[in-house]
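Notebook open. Today I looked up ring pairs first, then pockets.

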Amino acid sequence: MNATAAPHTIPVSVIGLGNLGQALADAFLTKGHPTTVWNRSAGKADALVERGASLAATPADAVAAGELVVVAVLDYDTVGELLRPAAGALAGRTVVNLTTGTPSAARALGAWAADRRAAYLDGAVYAVPQTIGTSAAFVLYSGDETAYRTYRTVLDAIGEGSHVGPAPELSSVYDTALLSGMYGMFAGFFQAVALAGTEGIGAAELTRPLARWLTAAADALPGFAQEIDAKDYATTTSNLEINAVGLRNILSATEAQGLPTDLLAPLLRLFDDQIRAGHAASSLSRAVESLRADGVRYPASA
């Protein structure tokens, strides 16, 4: 970054103009950054060009135009396909990859960028395109910490950022974990709606008390997290045995209504596994121990 340049004058290039990429480019333009865009279908850039963006003819041209190069495309294979021809222009630039992928792919791409003397940040965006640039959006970044500190003000155009560690793959690990929690919630929601529907209760009718209950239940998560990190599962409240009885009743009622139990039955197996190991009186959070694999790193407090 040019030490004499004001943050709003830093040139940014956005490669990929799907819904997310268009929102990203729009956010940088709103903050006054000289913004260059590229997309395989050039017509997607029309509205951005009208707002002042420059349209690059090739990904290599986009890389050459930007000090900060933001990529948001379908997958990591596409990122590589687009950046490889621009490898000679990457030196001294910072690549911010906001494409969804896997930790191993992020690790490989970070190493490839470093070999081309480019700084690399991998990012996971938590926002719908309509909320990019608002207080509702946040982004987790990993990779080159110096680059993150240098361009943090620029990246804040997208949403509130946090740097989660120097390994390029860490944001992808966070993303996989956070989305696992989200899909687990969706699975519970679908099961609840199907079960209520067997007695004529509509999804909207059920969702009003369900959302209120889930919001309250989420308050237990920080406490569970402390127990898990400390591996201290002592509790005087709702233990594994009590929860196993309750979940078994839910599964029995679900079967009685003629519905499958595929979504929740695996959770009961975790409870039963810990109970058989002698932990019936332990906190519900101890169920995580049945998911942990040997050799996986955990917090130092564990």
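My rule for rings: Phe, Tyr and Trp (its six-membered ring) pair if their centres lie within 6.5 Å, with planes under 30 degrees apart counted as stacked, over 60 as edge-to-face and the rest as tilted. This is a predicted model, so I asked for pLDDT of at least 70 for local features and 80 or more for side-chain atom pairs, while totals for chains, interfaces and linings use all residues. Residues are numbered from 1 along each chain as its sequence is written, and side-chain values use heavy atoms, with hydrogens and water left out.

**Rings**

I found one aromatic cluster made of Tyr183, Phe186, Phe189 and Phe190. The structure has 5 aromatic pairs. Among them, tyrosine 126 and phenylalanine 138 are stacked, at 4.9 Å centre to centre and 20° between the planes. Tyrosine 126 sits in strand β6 (residues 119-126) and phenylalanine 138 in strand β7 (residues 138-143), 12 residues apart; strands are DSSP runs (E, at least two residues), helices likewise (H or I, at least four), numbered from the N terminus.

Tyrosine 126 counts as buried because its relative accessibility is 13%, while phenylalanine 138, at 35%, is partly exposed. My cut-offs: buried is under 20% relative accessible area, exposed over 50%, partly exposed in between (1.4 Å probe, protein chains only).

Tyrosine 141 and tyrosine 148 have ring centres 5.4 Å apart and planes at 40°, so I logged the pair as tilted. Both tyrosine 141 and tyrosine 148 are buried.

**Pocket**

A pocket here is an open set of points on a 1 Å grid over the protein atoms alone, where a 1.4 Å probe fits, with protein on both sides within 12 Å along at least five of seven lines; lining residues have an atom within 4 Å of a point. I noted 39 residues lining the largest pocket, with Leu221, Phe224, Leu267, Phe271 and Leu284 nearest its centre. Helix α7 gives the most to that lining, 8 residues.
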